[in-house]
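Please examine the sequence and the structure before reading the worked solutions.

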Amino acid sequence: MTPSDRLRRVVRSELFKLRTTSAWWQFSGAMVLTTLVLAIVGGVNARTALKPFAEYVQIRTHGRFHGATVPPEFLSRLRGDWVSGHSAVTQAVTLYSANQLIGLLLVCLLGIVLVTTEFAQRTATSTFLITPRRGTVVAGKLITAVMLAVVAWFVTTLISLTSGVLFLHGAGHGTQLGYWGVDRSVLLNLVAYILWAIFGIGFGALIRNQLVATVSATILYLVGAGAAGALFDLLNSYVLSATWVLGLQVIAPAVASQVMISPTSLFTGSPPQWVGAAVLIAYSALFIGLGLRRLRRSDIG
Amino acid sequence: MATEHRIVVDDLTKRYGDVVAVDQLSFSVEPGRVTGFLGPNGAGKTTTMRMVLGLVQPTSGRATIGGRSYLEIDEPTQVVGAVLEASSAHRGRTGHNHLRAACIAAGLPMTRADEVLDLVGLAAAADRQFRGYSLGMRQRLGIATAMLGDPGVLILDEPANGLDPEGIRWMRELLRGLAHQGRTVLVSSHLLTEMQALADNVVIVANGSLVRQGSVAEVVASMSHAARVEVRTPEPERLTELLVRAGGVVETGPTLIVAGLTEQAVGDAAFTAGIPLHRLATQQADLEEVFLELTHGKAGIR
Ligand SMILES: Nc1ncnc2c1ncn2[C@@H]1O[C@H](COP(=O)(O)OP(=O)(O)O)[C@@H](O)[C@H]1O
Ligand SMILES: [Mg+2]
């Protein structure tokens, strides 16, 4: 039996295992539902941002300053927002990757669950009796997670594309598809899905406790970007004032994946897209390496 | 099948920090019979079995099955089947799907799942979720999983745990049948009465070390000093005095129970002193007594 036969068996078995518990519809349900919600919210926001400035101000102020003048500092803030968002390309990128915000977290959690379930459900013994090589099991789970990430990307991108096209085209801004920056961000989104799935497998192999791993990954993902932004803002204000200090927030995985897919600058000092990709790849490789090492060395039972 | 399915444990040691769970243990397990792996709780049985199965890495030493370590066996499920813990299936998956997933991972046809379900008598519960299984059903599912690849070697860790008497009888018949077909069967237990009815051979461990290995009859016989002599006489006081002087330990009562002297020695002493005997018999030690004696003072949680 060749190593690739072994691997194929593990992958097929992992897919079967996933299908035969409630996990698959919980994940796919959450994936589709959150994408739908985010696509609609994104669509409404996009249409607002693409309105002429006067209308934009009306909507943003909910008519509160009806007749009266809007305070100048507030008006200038609104103008800043409007300028950065008033671009069909920017809105197309945002809309077509509306699936990303929660989708990436979900594929990461899927990777974590694929590994930690073996320990949470005490099936590790059975699994490693059938496939004694730990590396083969991890590789099989990795391939499974990547395959599922591709499917998840495909389905959710279809949803956000459809809804995005309806909103944009309906508002008379065309689809923006065919513009390389837009298409590329949709494809880079696929890379992000794959990398977060790999990240999840490594994270799960390293942390192993299902609850601890899923909760800490969720916090890292959801709060990580904001925390990194705030931290490097502080550093920039009080320690070392330089644009590159702000750029360092790309070391937060959640920031890295946003930087990777965004063709326009996300924040002051935001590094080029490839830096985001490199950071994400580095994390994935690090966690897989450490996770595999831990699993190879440890006793099952 | 002979050497191909022999389990050899060679100078195996496993340390967990300061605890030596298994201490330079060596023994072998032959095909065609049931070998009982006996020892009090904490003796190192589970750790030894997990090392044989490549799940726990030995600190030193080696364990082989048919001359190869578990990791070196090309299709391990077709050589070795193991039942290690009762709860080892996903709670939300049905027994049937648990077996099917194992078939896929092991490269076996899905039909094996149905066959082993019939073998262990679990077909009726096959499509229920594992979380609803009783301990006995879980043990049966474990055995079914172990039997998927029709292996020549079976390793079972305390399989009788949680089984009712009927289940224990079923397990005994099954394992004896499998050994009769020429398979190697290694079963651990701390329940000795069960082993006496099941095992042909025993490997007794305590504190991670081998205490004795051999056929049940040999091990029991080797403990001749564990045997005791029953004597009945109309003159118990005189005989007791005599036997104690001869080095025996005597329990008095309607029947004297003498330890430390053979039947022959007791009979000769009585004859020489002219004491009539109404009964003289050796109580054969059973495995339980041998076990308690061998592991005396070594039991207990470490
Ligand atoms: N993972 C572990 N970490 C630390 N000590 C362990 C571990 N597994 C077993 N032990 C210790 O090793 C000894 C042997 O345990 P075990 O093999 O389970 O014995 P048995 O199965 O005969 O009851 C015990 O003292 C136990 O506490
Ligand atoms: Mg045990």
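**Exercise 1: Charged links between the chains**

Task: state how many salt bridges the rule finds across the interface of chain A and chain B, and describe one of them.

Solution. Step one: the rule finds three salt bridges across this interface, a salt bridge being a side-chain nitrogen of Lys or Arg within 4 Å of a carboxyl oxygen of Asp or Glu. Step two: one of them joins the side chains of A:Arg6 and B:Asp74, with 3.2 Å from N to O.

The model is predicted; local features need pLDDT of at least 70 and side-chain atom pairs count only at pLDDT 80 or more, while totals for chains, interfaces and linings use all residues. Residues are numbered from 1 along each chain as its sequence is written, chains are lettered from A and ligands numbered from 1 in the order in which they are written, and side-chain values use heavy atoms, leaving out hydrogens and water.

**Exercise 2: The extent of the interface**

Task: determine how many residues each chain gives to the contact and what area is buried.

Solution. Step one: chain A gives 29 residues and chain B gives 35 residues, where contact means heavy atoms within 4.5 Å. Step two: about 2,800 Å² is buried between the two chains, and carbon and sulfur atoms give 52% of this area; buried area is the accessible area (1.4 Å probe) that two parts lose on being put together, summed over both.

**Exercise 3: The surroundings of ligand 1**

Task: identify which residues come nearest to ligand 1, and which side chains have an N or O atom by its oxygen atoms.

Solution. Step two: an N or O atom in the side chain of B:Thr46 is 2.7 Å from an oxygen atom of the ligand, and for the side chain of B:Thr47 the distance is 2.5 Å. Step three: ligand 1 has 560 Å² of accessible area on its own, of which the protein covers 65% (Shrake-Rupley method with a 1.4 Å probe). Step four: by class, the shell holds five nonpolar, five polar and two charged residues, where Ala, Val, Leu, Ile, Met, Phe, Trp, Tyr, Cys and Pro count as nonpolar, Asp, Glu, Lys and Arg as charged, and the others, Gly among them, as polar.

Terms used: Near = heavy atom within 4 Å. Polar contact = N/O pair within 3.5 Å; in protein donor to acceptor, adjacent residues only side chain to side chain.
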